[in-house]
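Colleague: Hi! Could you walk me through this model?

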Amino acid sequence: MASTARRRRRHDPERRDRIARAAIAVVARDGIDGLTHRAVARQADVPLGSTTYHFAGKDDLLNSAVELAQSADREMLAQALERFGPHEDLAGALAQLIEHLTVHDRERLLFDYELFLAARQRPALAASARRWVDDTEALIGRFTDARTARVLIHMVEGMLAESVVLHEPMPAHSIEPDFRRVLAG
């Protein structure tokens with residue numbers, strides 16, 4: 001006699017975020033063109049049906065990953081600036097942040113730059129990139145004047161882009177003098 005008892009669903013309140021984090025990893029590894037429900041399901045170690053249940057399509061999945069990454073980026077930058085005492089040492093804080101991204105959190109860095117590049121073709125991603133730049137400028141602008149904040153953002157973006165393209169880490173000790181020079185005026 002076949003059992004008619006239904007299998008109970010396992011309650012997993014973190015699954016949606018885990019799938020979005022997996023999308024970040026897939027984009028960092030394979031680019032936006034490599035983002036598929038199947039690749040994300042494999043990365044998140046969930047059934048394929050979970051990805052399609054939580055995300056209607058590829059754009060929905062990508063938008064969720066972007067929101068999650070931007071929120072994490074804002075939080076990381078805010079914590080880095082506060083933790084390293086930017087009132088006393090903004091140059092050191094920015095150098096430490098770049099080292100962290102290029103050495104310890106390369107996946108996030110690669111995801112961000114995949115989005116920046118894809119923003120050329122996707123207006124929704126361009127708006128996200130603009131928000132990231134504006135948020136970063138506002139955070140840095142709390143510790144310096146608006147023009148200097150803008151120059152520092154250009155420096156940060158240039159250093160991060162160089163690290164992505166050349167596959168090289170940016171140790172804090174090697175770039176901190178550059179920030180000090182700009183901040184000295």
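Modeller: Happy to; we'll start with confidence and then look at some helices and loops.

Colleague: What kind of model is this?

Modeller: This is a predicted model, where local features need pLDDT of at least 70, side-chain atom pairs count only at pLDDT 80 or more, and totals for chains, interfaces and linings use all residues. Residues are numbered from 1 along each chain as its sequence is written, and side-chain values use heavy atoms, leaving out hydrogens and water.

Colleague: What pLDDT does the chain average?

Modeller: The average is 87, and 92% of the residues score at least 70. pLDDT is the predictor's confidence in each residue, from 0 to 100.

Colleague: Okay, helices. At what angle do α1 and α2 pack?

Modeller: Helix α1 (residues 15–30) and helix α2 (residues 37–44) pack at about 110°, and their axes are 8 Å apart. Helices here are DSSP runs (H or I, at least four residues), numbered from the N terminus. Axes are lines fitted to C-alpha atoms, for helices over the stretch in contact, and angles run from 0 to 180 degrees between N-to-C directions. So α1 and α2 are roughly perpendicular to each other; angles of 65 to 115 degrees count as that, under 35 as roughly parallel, over 145 as roughly antiparallel and the rest as oblique.

Colleague: And how do α7 and α8 pack?

Modeller: Helix α7 (residues 123–141) and helix α8 (residues 146–166) pack at about 125°, with axes 9 Å apart. That makes α7 oblique to α8. Among the residues making the contact are Trp132 and Val133 of α7 and Leu152 and Ile153 of α8.

Colleague: New topic: is Gln70 buried or exposed?

Modeller: Gln70 counts as buried because its relative accessibility is 8%; buried means under 20% relative accessible area, exposed over 50%, partly exposed in between (1.4 Å probe, protein chains only). Gln70 sits in helix α4 (residues 58–83). Leaving aside neighbours within four places in sequence, Gln70 is in contact with Ser128, Ala129, Arg131 and Trp132.

Colleague: Which loop holds Asp45?

Modeller: Asp45 lies in the loop between α2 and α3 (48–54). Its phi is near 60°, a positive value in a residue other than glycine. Most residues other than glycine have a negative phi. With a relative accessible area of 68%, Asp45 is exposed.

Colleague: What about the phi of His167?

Modeller: His167 has a positive phi of about 55° although it is not a glycine. His167 is in the loop between α8 and α9 (172–184), and at 63% relative accessible area His167 is exposed.

Technical notes: Helices (H or I, at least four residues) and strands (E, at least two) are DSSP runs, numbered from the N terminus. Contact means heavy atoms within 4.5 Å.
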